[in-house]
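Thanks for coming. Please have a look at it before I start.

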Amino acid sequence: MYTTQDIPGKGVGLVATSKIPRGTRILSEEPIITVPEHLSSIEEIKSYIVRQVERLSHAQHQAFLLMPSIHPFENDAERYLCIVRTVALPIGEGGIGSGVFLEACRINHACDNNAQKNWNSNIKRHTVHSIRDIEEGEEITVFYLAELTKRAERQEALRTKFGFTCACRLCSLPPAESEESVRRLDELLQPEEKISQSAMDSMSVISAPLRPLRYIDRQMQLYNRHGRDDIGVPHQVVRHGSLLDDPAKMHVYGWSMKWSAGMNDVPDDLAPDAFDNWLWRRETGTSNSPKPQFPDLRDRSVFPSFLGLPDENSPVLHYYKMVDGFTLRPRRHWCFLAEIVDLGMDLRFRFQVRDMEGEKIEVAFHTPARGIELGPCEIHVGYTVGILYAERHVFAFSPPGIRHEDPTTLQHPSICKHGRREENLPWLRSDRVVPDEMRQVLDVLVLRQGK
Ligand SMILES: C[S@@+](CC[C@H](N)C(=O)[O-])C[C@H]1O[C@@H](n2cnc3c(N)ncnc32)[C@H](O)[C@@H]1O
């Protein structure tokens, strides 16, 4: 697919010998030398490398010595170290350690690269894939930096981190064209900060998922309009795109089922533009500003009936995830909604509720004040109760229900942040901050509720 040859201004590089279609695995290679991260002193690293160089075949040894070094050296051990420091690529989970590869390390950088490098920990090899069609005779290039930043910034980073002045096509554009390219890149990168901010903020993803989607949509539209010829391949776009392969990689994956869709939900009769509008949930004919969203109260994955709740004693991983090997945390939000049909006070305050399936169950308060914390006289039959992260409990002397123990997580309407005393907000049981999505539920309930 490629050959190794001299590239003016860049030393040696890889050039395609035939057309390489987008998505092709161009190479998959094992390292000939590795340097694990746990080695701390330079002396340790040097002798580690020397031992490996001595074990190389003659051909590998020759090829290794032909690799560039941007650092000065005085003896063989230093020379090997300098080559490794100039060309090594990250290896291992999360880039722990580095490795020298006879072919992959000869691939030059370009700010509008046509290939993507990656350490594949499953096969323990460095792989390079084309990210667009590469024509015969075209140089194969990858991107050495983490992100595509403005021209001056990336040139500075390449100089300080890699010791060379970039001679790629994008960095060699004549001043006027370069200025235009910088302006477009700037425009493209503008939503980036907002994308990262909103993607990091789980609550904002859940309460207003359209917002980050709008930013990404805008970025993609700009990219499609200007194309790589003007601005290069934004790695942020590639990174967001990689979520297509495995959306579960997104840390908030599954927290909201708002957009879950079956194969049959995908319309197959739309023109490309209309399909894009559907796909990106664009409000056609209106501005791009995100609209407030309300959850679907009939969505049983967010608002399960009593039988859909996890069992207190055998929590299922559909609801929880294991953190640090033994702690269970909710992996998403759910809220049990039910109508109070009866109230009672014997040993403790308790009430009977009817869930969405019409099932009647008991909610009992095993708090220090046995439920008096709620101010029972303000709770009435006909009110709706919302119990976040509710679990089924098996009572010793009565049918299964919900047992509430923590007095600090009782939120009476009058102290609820959105609370308007006269509007009968539901009670909440929550061992964490009430997520915005649930606050919106409260608003919906307030609007819809009547005794
Ligand atoms: C990992 S090596 C790549 C292969 C190298 N050209 C060779 O001859 O083996 C990195 C070195 O290649 C050169 N290089 C890579 N990309 C370049 C670029 N865009 N502009 C100028 N030099 C580049 C620099 O000298 C850099 O230190």
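I begin with a serine in a loop. Ser-301 sits in the loop that runs between α9, residues 272-279, and β11, residues 320-323. Keep in mind that this is a predicted model. In space, Ser-301 and His-333 are 9.0 Å apart, C-alpha to C-alpha, and in sequence they are 32 residues apart.

Next, a pair of helices. Helix α1 covers residues 42-54, and it packs with α3 at an angle of about 95°, the axes being 9 Å apart. Angles of 65 to 115 degrees count as roughly perpendicular, and α1 and α3 are therefore roughly perpendicular to each other. Which residues make the contact? From α1 there are Ile-45, Lys-46, Ile-49, Val-50 and Val-53. From α3 there are Ala-77, Tyr-80, Leu-81 and Val-84. By class, that contact has eight nonpolar residues, one charged and no polar.

Last, the ligand. There are 21 residues around the ligand, and those that come nearest are Gly-11, Val-12, Asn-108, His-109 and Phe-164. The largest share comes from β2, with three residues. As for residue class, the shell divides into 12 nonpolar, seven polar and two charged.

Notes. Residues are numbered from 1 along each chain as its sequence is written. This is a predicted model: local features need pLDDT of at least 70, side-chain atom pairs count only at pLDDT 80 or more; totals for chains, interfaces and linings use all residues. A residue is near a molecule or strand if its C-beta atom, placed from the backbone, lies within 6 Å of it. Helices (H or I, at least four residues) and strands (E, at least two) are DSSP runs, numbered from the N terminus. Ala, Val, Leu, Ile, Met, Phe, Trp, Tyr, Cys and Pro count as nonpolar, Asp, Glu, Lys and Arg as charged, and the others, Gly among them, as polar. Axes are lines fitted to C-alpha atoms, for helices over the stretch in contact, and angles run from 0 to 180 degrees between N-to-C directions. Angles under 35 degrees count as roughly parallel, over 145 as roughly antiparallel, 65 to 115 as roughly perpendicular and the rest as oblique. Two residues are in contact if their C-beta atoms, placed from the backbone, lie within 7 Å.
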